[in-house]
Amino acid sequence: MLRYVLDEQDVAAVRFGISPLCELGLSLRAVQAPERFPLQLPWVRRTEAARADLDHEVLDALIDDRMWTPDFLNPRPASPLTRLDDELAALRDLPADRFHADLIAVHGRVPDPLGGPSRVAIGRVAAALEELWAASFAPYWPRMRAVLEADVVHRGRQIAQHGLGAMLNGLTATVDFDGDVLRVRMRDPRDRTQAIVGTGLTLVPTMFTRRASAPVGDGPPMLMYPARGQGALWETERVANPAAVAAILGDTRASLLAALGDPASSTELGVRFGVTPSAVNQHLRALRDAGLLVSTRHGRSVLYLRSELGSALLEGAVPAA
């Protein structure tokens, strides 16, 4: 049992955050034991080939048989807008004693792949996580973040309508709050009580926990809980095609054009519409060559967006009222 003790000021200071690095670390659970995370099986399958050439020796050393990960993979996010680049920069600057202590808290020792000079090991961890992000997260992160942000909005609405206690008691069946103490039932034999005493409690929605998770050590108070809406994340999206445009472009290209009022990558669109990546790219190139889409590079991805001409075509296809 983990208990967070909150006074009146602590209750007023409960806040939410989203951490890309936390998602990376916790995702190792689904990679190691996909049967425990049925909602994320589509993600595990889709990213399996992309993960084949990663530094698995290091990634495997970041998780144990209990599905625990070191606390340096679970930094307390400053806001719902935390950037992975900032979190990785902080990880690269992690003090060696903290790095070793967090690993020992999970494994009882420093795993062999992470032994040797600490700066080298920390750099290797950061590089492995960066590669994991590029291979398995970058194409899907816009949709994942949308689910996490929607959860934060929902919890905020709960607080406004029913109060903080109702929201906390609705996070998961393993969490309860009595007005003073937040109790978290965990698969941890230790019995821990930690007073917040002005340090703040941060609630972090995640795609990769089924119950509730918290730091292994006595770091800043933080609770990671399962985000709502995960079940719909990998469902194929159905968009009503404007009939007149569909007659010209075909159903798939009309659907893509209608969906690209917000920027998206070809990989994300393939997931949403159940179309192979090669087919999506072919459709997107055709629409772009016709001037109906524009594209721009964002990191390692190319994002597509409906052009003014594409918007005008859709608007012109809508019957007058």
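This is a predicted model: local features need pLDDT of at least 70, side-chain atom pairs count only at pLDDT 80 or more; totals for chains, interfaces and linings use all residues.
Let me begin with Thr-47, which counts as buried because its relative accessibility is 1%, where buried means under 20% relative accessible area with a 1.4 Å probe and protein chains only. Residues are numbered from 1 along each chain as its sequence is written, and side-chain values use heavy atoms, with hydrogens and water left out.

Thr-47 belongs to helix H3, residues 41–47, helices being DSSP runs of at least four residues and strands runs of at least two, numbered from the N terminus. A polar atom of the Thr-47 side chain lies 2.8 Å from the backbone oxygen of Trp-43, and, not counting residues up to four places away in sequence, Thr-47 touches Ser-136 and Tyr-140, contact meaning heavy atoms within 4.5 Å.

Turning to the sheet, we have an open arrangement of 4 strands in the order E3-E4-E1-E5, with mixed pairing, where two strands pair if DSSP finds at least two bridges between them. Its edge strands are E3 (175–177) and E5, each pairing on one side only. Strands E1 (residues 2–5) and E4 (residues 181–184) run antiparallel and are joined by 4 bridges, with Val-181 in E4 as the bridge partner of Val-5.

In strand E5, residues 192–195, we find Arg-192, which counts as buried because its relative accessibility is 10%. The Arg-192 side chain reaches the backbone oxygen of Gly-217 at 3.0 Å, and the contacts of Arg-192 beyond four places in sequence include Met-1, Leu-2 and Arg-3.

Note on methods:
Buried means under 20% relative accessible area, exposed over 50%, partly exposed in between (1.4 Å probe, protein chains only). A polar contact is a pair of N or O atoms within 3.5 Å; within protein, one must be able to donate a hydrogen and the other to accept it, and residues adjacent in sequence count only if both atoms are side-chain atoms.
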